[in-house]
Amino acid sequence: MVEQTSSQSLLSVTTQPPLAKSLSQLNAYQSGDLVLALSKALSNDLISHDALSYALSQVGYQLPASVLPRTDAQLEEEIYDYENPTAVKKRFSDFQERDISKELAQNIEEQRAYIVSMKDRLTVESAKGELDKCNMKYLNYNRKQLKECLFEMFSRLGLITRFKIDEVHLRHFINDVEKNYKRVPYHNFTHAFNIVHMCYYLARSTKLREYLEDIDLLSLMVAALGHDLDHSGMNNIYYQKIKHPLAMTVNDSSVLENYHGYMLFKLLSRPDNSILDHLTHSEYVRFRKAAIECIMGTDMTKHFQICGSFQNVIKKIHEGNFDRAIAEDRDLIMKTVVHAADISSPAMDFEDFKAQGFRVTLEFHDQYMSEMAIPDLKANNPPPAFMKWESYKSFVQSQIGFTKTFSSPILKQLTDALPESQHMMEQVERNVAQFQKELEELNMKEEGYSA
Ligand SMILES: [Zn+2]
């Protein structure tokens, strides 16, 4: 049964442009816009799933499984997206429908096969055993194992004891966070885990902790965990283009980052997730401010600004006059750590760097196809061509380009401030060299063919 209030909510949501338009052109839009808009309405509690399913069934549309809530039993069974045979099969049928390059699909399939072959050898214990390694093979673990590891990291950093965190609430919060990451190719729970793990790794293996207060460290870890909450796989520009209510609410500025921060504090405010009960008022104020700053700093358009201002902090550290009492400097360190961690794939083992590169590429490609399926956008404001999968060669070029422009400079700064992490930069250089070698080989092959 559909409650009247929910139907009214649907009406209010769908009568806003561009949603009303989406609904009226339902048959023309096979993906993207409508589903995204409606899933946002769902995640903002504007409408219940039942009411939405009912309303859509009236116009002959079925909600895709990706926006339906999963039961706890499903969550327990769920393993990494590309490890789950059903999920993979589903993805591959998607690929064919969208005519995605077979090459990309094949590469992901190879990685999946590797993960499946490793499955029986990987346990929660082996995952915990890897936590203090920078290049932890986090892509090989399922969600249940990763959730255990998250708890373990909070514990090993002493945060549970220091802030008298209720362990049941912490586990509940971690579960809730996991449920609120969508199963998109890249910006999913595994990505969030990776960022938390990088922060943890830096806190354990460098002098990072000396520069931060305890409350900052708690804030850093929680912000990293929630920094991409409920990411739809579409970027800020897309939200602006379709004049999505989320973009309108924040006047187009850092649309997703504002939303992720909102989602994080929404989850934290649920009684079962109350891990901040024992914070003093001033600790809570600090926690919230720092967490929001960290999340807002993950907007890629802030990259050069962060690099610029972090230079002063590096100078203070080198000159031995870094003053931990200055909150702004601690903010800058935290923001840099989270942002650097967010784009630190090039510092992973080459295969993992490549694996994550494929996932980002796939997500971009999905967005490209979704935008091209919207007639207005296709005609008047098409997505940039680089978002579409072209060839393995263009993939390699874009990985090199992104690493050199974004990842290398910020990681270089990070290692300047925290020299114990120097090995990360060395790995970045090895990976770039490896891709450059592949590129040369591809070029030679091409010339060979044309000769
Ligand atoms: Zn991220």
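Let me start with a question: is Asp228 buried or exposed? Asp228 is buried, because 26 other C-beta atoms lie within 10 Å, and here a residue is called buried if 20 or more other C-beta atoms lie within 10 Å of its own, exposed if 12 or fewer, and partly exposed in between, with C-beta atoms placed from the backbone.

Residues are numbered from 1 along each chain as its sequence is written.

On confidence, pLDDT is the predictor's own confidence in each residue, from 0 to 100; the protein averages 82, and 73% of the residues score at least 70. Over residues 1-33 the pLDDT is below 50, although this stretch has 50 contacts in the model beyond near neighbours in sequence, where a contact means that two C-beta atoms, placed from the backbone, lie within 7 Å. Residues 75-89 also have pLDDT below 50, with 25 contacts beyond near neighbours in sequence. Where pLDDT is low, the predicted coordinates should not be read in detail.

Back to Asp228, which sits in the loop between H14 and helix H15 (236-241); helices are DSSP runs of H or I with at least four residues, numbered from the N terminus. Leaving aside neighbours within four places in sequence, Asp228 is in contact with His187, His191, Ala192 and His260. An unreviewed UniProt entry carries a "binding site" annotation that covers His187, Asn188, Phe189, Thr190, His191, Asp228, Asp342 and Gln399, and such annotations, given in the numbering used here with shortened feature names, may be inferred rather than shown by experiment.

Thr190 is found in helix H12 (residues 189-205), and it counts as buried because it has 21 C-beta neighbours inside 10 Å. Asp342 lies in helix H20 (residues 327-342), is likewise buried, with 23 C-beta neighbours inside 10 Å, and, apart from neighbours within four places in sequence, is in contact with Ile195 and Thr298.

That brings us to H20 itself.

Which residues does Lys335 contact, once neighbours within four places in sequence are set aside? They are Glu293, Cys294, Gly297 and Ile306. Lys335 lies in H20 and is buried, with 24 other C-beta atoms within 10 Å; Lys335 and Thr298 are 37 residues apart in sequence, yet 7.9 Å apart in space, C-alpha to C-alpha.

Now the core. A nonpolar core is a set of buried Ala, Val, Leu, Ile, Met, Phe, Trp, Tyr and Cys residues joined through C-beta atoms within 7 Å, and the largest one here has 82 residues, with Val196, Cys199, Leu220, Met221, Ala224, Val337 and Val338 having the most contacts inside it. The largest share of this core, 11 residues, comes from H12. Val338, setting aside neighbours within four places in sequence, has contacts including Ile195, Cys199, Leu220 and Ala224.

Finally, the region before H20. Helix H19 (residues 303-318) has 16 residues and bends by about 25° at Phe310, the bend being the angle between axes fitted to the seven residues ending there and the seven starting there. H19 is followed by Gly320, whose phi is positive, near 75°. Phe322, in the loop between H19 and H20, is partly exposed, with 18 other C-beta atoms within 10 Å. Not counting residues up to four places away in sequence, Phe322 touches Tyr211, Lys316, Ile317 and Asp329, and the C-alpha atoms of Phe322 and Tyr211, 111 residues apart along the chain, are separated by 8.0 Å.

Methods
This is a predicted model: local features need pLDDT of at least 70, side-chain atom pairs count only at pLDDT 80 or more; totals for chains, interfaces and linings use all residues. Helices (H or I, at least four residues) and strands (E, at least two) are DSSP runs, numbered from the N terminus. The expected span of a helix is 1.5 Å times one less than its number of residues.
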